[in-house]
Amino acid sequence: MVDFSIDEMQEMQKILQNKYRHKWEPISPKTGKNKLLWMIGEI
């Protein structure tokens, strides 16, 4: 398996957030609880 760094993951997230900015809610402290609940649901 190829190494996957935190920096690479963050860069991918920035690209995806920009690409889907019209569909996804922005990442901010105010929306953090929704992201956390989604992440728990995915696990």
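What percentage of the 43 residues of the protein count as buried? Of these 43 residues, 5% count as buried, where buried means under 20% relative accessible area, exposed means over 50% and partly exposed lies in between, with a 1.4 Å probe and protein chains only.

## Basis of the model

This is a predicted model, in which local features need pLDDT of at least 70 and side-chain atom pairs count only at pLDDT 80 or more, while totals for chains, interfaces and linings use all residues. Residues are numbered from 1 along each chain as its sequence is written, and side-chain values use heavy atoms, with hydrogens and water left out.

## Overall form

The protein has two helices and zero strands; helices (H or I, at least four residues) and strands (E, at least two) are DSSP runs numbered from the N terminus. The C-alpha trace spans about 35 × 25 × 15 Å along its principal axes. The protein exposes about 4,500 Å², of which carbon and sulfur atoms supply 63%, as computed by the Shrake-Rupley method with a 1.4 Å probe, where for residues only the protein chains shown count as cover.

## A salt bridge between loop and helix

A search of the whole structure finds one salt bridge, that is, a side-chain nitrogen of Lys or Arg within 4 Å of a carboxyl oxygen of Asp or Glu. Glu25 forms this salt bridge with Lys35, and their closest N and O atoms are 3.5 Å apart. The pair links distant parts of the chain, since Glu25 lies in the loop between H1 and H2 and Lys35, ten residues apart from it, lies in helix H2. Glu25 is partly exposed, with a relative accessible area of 32%, and Lys35 is also partly exposed, at 27%.

## The largest pocket

About 300 Å³ of space lies in the largest pocket. On a 1 Å grid over the protein atoms alone, a pocket is an open set of points where a 1.4 Å probe fits, with protein on both sides within 12 Å along at least five of seven lines, and lining residues have an atom within 4 Å of a point. Both Glu25 and Lys35 belong to the lining, which also includes Gln13, Trp24 and Trp38. Helix H1 (6-19) and H2 each supply at least two lining residues, and the largest share, five residues, comes from H2.

## A nonpolar surface patch

Leu36, Trp38, Met39, Ile40 and Ile43 form a nonpolar patch on the surface, with about 630 Å² of accessible area together; such a patch joins nonpolar side chains (Val, Leu, Ile, Met, Phe, Trp, Tyr) within 5 Å, from residues with over 30% relative accessible area and no salt bridge. Trp38 is found in helix H2 (residues 32-42) and is exposed, with a relative accessible area of 56%.

Methods
Patch = residues over 30% accessible without salt bridge, like charges linked within 9 Å, V, L, I, M, F, W, Y side chains within 5 Å. Points joined across faces, edges and corners; volume = space filled by probe spheres on them.
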